[in-house]
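Please examine the structure shown below with its sequence.

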Amino acid sequence: FRFWNYIPGINKVENGLERYQSFCVGRHAAWGTQPNFEQTLPAASAVGTGVPGLLISFVAGTNKTYQLENPRQISAFHYPSTYSPRSPLFSRAVHMTSEGNNINQLYVSGTASIVGHETRHAGDIKAQAEETCKNIDALLVRFAHSIGNADAGKISLDSLRVYLRDARQFEIVHEILSSKQFIKDNVVYLKADICRADLLLEAEGVFSYKGCNG
């Protein structure tokens, strides 16, 4: 359903490639050989760490899932090669249903200030935070449609994790996110480098809709 990838020195250049680009090449070698892999990709995040060693954690199971993409963004697996020799392989979000479909969960991938495939508002933390929220909003609308045009107001936030490149910008981002309807509690802020050097923050989360479909 969901992968978390923690890459030391994620923006460091080695042998002509950033470490994240090299990671994308390796991930593509692992996932890209599977039949219809673009329709079965998990949600994922990849951020930098200050400690040595690649760390990967995941959530897996047998529940039925639906891959959701963001209408405001080009799917990551269709990114042009200017970003990496191999495109990032993850879905923007995954809708997971429980047995009987009484609980629907949405795993939102690492989401940032990207529209189409381009970074927006380079250097402007306020505008990047606002754009990130718009992208999460678009995924929540898709989630509601995936359930069966469910009432988006009944979607609740289980957890939200916000990665900040510069911890000194916490107050600015916290104020913006706290003003949004979908963010009330269960928010954790962490200092981490983002996969693109011009991105200042990234947010990921788990949302739930409890009730019968439709």
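The following questions and answers treat the chain as a whole and then its salt bridges.

This is a predicted model, in which local features need pLDDT of at least 70 and side-chain atom pairs count only at pLDDT 80 or more, while totals for chains, interfaces and linings use all residues. Residues are numbered from 1 along each chain as its sequence is written, and side-chain values use heavy atoms, with hydrogens and water left out.

Q: Which residue forms a salt bridge with arginine 2?
A: A salt bridge is a side-chain nitrogen of Lys or Arg within 4 Å of a carboxyl oxygen of Asp or Glu. Here the N to O distance is 3.3 Å. The partner of arginine 2 is glutamate 204.

Q: Is arginine 72 buried or partly exposed?
A: Buried means under 20% relative accessible area, exposed over 50%, and partly exposed in between (1.4 Å probe, protein chains only). The relative accessibility of arginine 72 is 27%. By these limits, arginine 72 is therefore partly exposed.

Q: How many salt bridges does the chain have by this rule?
A: One of them joins glutamate 131 and arginine 72, with closest N and O atoms 2.6 Å apart. The count comes to six.
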